Amino acid sequence: MTIRIKSENDIHYASHEAMNFAKDIGMNTLETTKVSIIISELAYNIIKYAESGFVRFSKVSTHKNEGILIEAIDNGPSIKDIEKALKDNYSTGGSLGLGLPGIKRISDLLEINSTPETGTHIKVTYWKK
Amino acid sequence: MEVISRNATQLCDLYGITKEDIDAIHEFKPVAINEVPKMVESWYKWLKTTAEFQEYFADPATLHRVQRMQLSFWEEFFDANIDDQYVATRKSVGEVHARIGLSQEIYLAGVDHFLSLFIEVLLIQDWSREKIDKIRRALNKIVHMDMTIIVQSYEHIVNQKITAQSKTLMAMSTPVTQLWDGLLLLPVVGLIDSRRAQDIMDNTLNYISQHHAQSFILDISGVAVVDTAVANHLIKITKATKLMGCECIISGLSPAVAQTIVELGIDVGTIRTTANLKAAIEIAFEKLNMKIVKK
């Protein structure tokens, strides 16, 4: 499912939908909470830095794992220093600076592609435990 | 949700409606317009069989008015003078439908009914194949354009309704209450976005200064999502209350929320938190040197 993110309302809608999606693939309360947090952190960053963009989530499975792939796509100014952005309490936007490092700790796989030309594409995988 | 609003010229561009199409419609007009009253009648015959009829058209005066509007709608259609006034009339049709809650289904079924009757009339005319094709294409284009305008304005009103509802909810959503002298409680249910966080902040600080509160309990057991943005808001609220000499206790942290906050790496060091409201009230009473005893 792909959801356009343009205002704070969209963040809530996206995290609500993601929560239901996670529930449907059999995740428990803690897992669905984590999924909804990942979505809302990513969506919040989109609004804060890129103004608008998309979040997308889909089911992924390997022979031993089943989980959810969450993506955030925007055409914003891109993340200048990915390494720094993943450090705790580093924020260029005056917030806690725990969004991306938090996602990294919560999730199983975090992949960031970000250049000023192509914008930002973040992929997060979270496996059902 | 924003609606991209096109003016009459842009709509004609979008549907490829040309001077040729308008001419074709004009050629068909004298024949078609004669049939419209009969079509309206047959449409209401069908409508009478639906559940919606009783709800919306049972009153004869209303029925008469709606039928008259329908006649003038089609008259305007065949005049095909597509300007901003034309678009505005179509828009208002959609808005009316949305306000009274008439389903899109009924409206779309109606459009389909009229379109197929017009085609029927068209096909029995003794005209060249080419002319008939031209008129048919023109009919399709303009009917579809009308449909888009109406559906879009319908959607616009529905969105406005939703916005209005959420505003009402928002207004009711920060009910600060005084539990005891010096003790305030605010249960938050639902979502905390930046606007609501600001509301909570304003309301709370005002209450604290009015009631000289020493303790303030913010119960978040009804908050589904506590991400870093929400946590940031909560931290700011507790800091501000502290500056006013009031201790803030956040109660109602569910196991899932607590675990997620830890994993996100949020430092809650100085904030007093409890698992439930009862524990928070006990702490607050302790601070006020009070105790609840059984009689």
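Predicted model: local features only at pLDDT ≥ 70, side-chain atom pairs only at ≥ 80, totals over all residues.
**View 1. The open sheet of chain A, with its five strands.**
In chain A, five strands form an open sheet in the order 1-2-3-5-4, and the pairing is antiparallel. The edges of this sheet are strand 1 and strand 4 (109-115) of chain A, each of which pairs on one side only. Neighbouring strands of the sheet are turned by 15° against each other on average, when direction is ignored.

**View 2. Strand pairs of the chain A sheet.**
Strand 1 (residues 2-5) of chain A runs antiparallel to strand 2 (residues 53-61) of chain A, and four bridges join the two; Thr2(A) stands here opposite Arg56(A) in strand 2 of chain A. Strand 2 of chain A also pairs with strand 3 (residues 66-74) of chain A, in the antiparallel sense and over nine bridges, and a hairpin of four residues joins strand 2 of chain A to strand 3 of chain A. Within this pair, Phe57(A) has Ile70(A), in strand 3 of chain A, as its bridge partner. Strand 3 of chain A is in turn joined by eight bridges to strand 5 (residues 119-127) of chain A, and these two strands run antiparallel. In that pair, Asp74(A) stands opposite Thr120(A) in strand 5 of chain A.

**View 3. Two helices packed on the chain A sheet.**
Helix 1 (residues 8-24) of chain A packs on the sheet, where it touches strand 1, strand 2 and strand 3 of chain A, and its direction makes about 160° with that of strand 1 of chain A. Helix 2 (residues 29-50) of chain A also packs on the sheet, touching strand 1, strand 2, strand 3 and strand 5 of chain A, and the direction of helix 2 makes about 5° with that of strand 3 of chain A.

Chain B has eleven helices and five strands, and of its 295 residues, buried ones make up 26%. Among contacts in chain B between residues at least 6 apart in sequence, 80% join residues at least 24 apart. The five strands of the open sheet in chain B have the order 1-2-3-4-5, with mixed pairing. Strand 1 (177-180) and strand 5 (272-274) of chain B are the edge strands, each pairing on one side only, and the twist averages 30° from one strand to the next.

Strand 2 (residues 183-190) and strand 3 (residues 215-223) of chain B pair in the parallel sense over seven bridges. Leu183(B) stands opposite Ser215(B) in strand 3 of chain B, while Val189(B) has Gly222(B), in strand 3 of chain B, as its bridge partner. Helix 8 (residues 194-211) of chain B lies across strand 1, strand 2 and strand 3 of chain B, and runs at about 165° to strand 2 of chain B. Together, strand 2, helix 8 and strand 3 of chain B make a right-handed β-α-β unit. Strand 3 of chain B is largely enclosed by the rest of the structure, because seven of its nine residues are buried.

**View 4. Strand 3, helix 9 and strand 4 of chain B.**
Strand 3 of chain B runs parallel to strand 4 of chain B, and five bridges join them, with Phe216(B) standing opposite Cys248(B) in strand 4 of chain B. A right-handed β-α-β unit is made by strand 3, helix 9 and strand 4 of chain B. Leu234(B) lies in helix 9 of chain B and counts as buried because it has 25 C-beta neighbours inside 10 Å, where the cut-off for a buried residue is 20 or more. Leu234(B) and Ile192(B) are 42 residues apart in sequence and 9.4 Å apart in space, C-alpha to C-alpha.

**View 5. The contact between chain B and chain A.**
This contact takes 17 residues from chain B and 21 residues from chain A. On the side of chain B that touches chain A, the elements that give two or more residues are helix 9 and helix 10 (255-264) of chain B. Helix 10 of chain B gives the largest share of that side, six residues. By class, the side of chain B that touches chain A has eight nonpolar, six polar and three charged residues.

Technical notes:
Residues numbered from 1 in each chain as written. Chains lettered and ligands numbered in written order. Pairing = 2+ DSSP bridges. Axes fitted to C-alpha atoms, helices over the stretch in contact; angles between N-to-C directions. Contact = placed C-beta atoms within 7 Å. Buried ≥ 20, exposed ≤ 12 C-beta atoms within 10 Å, placed from the backbone. Right-handed = clockwise from strand over helix to strand, strands pointing away. Nonpolar A, V, L, I, M, F, W, Y, C, P; charged D, E, K, R; others polar.
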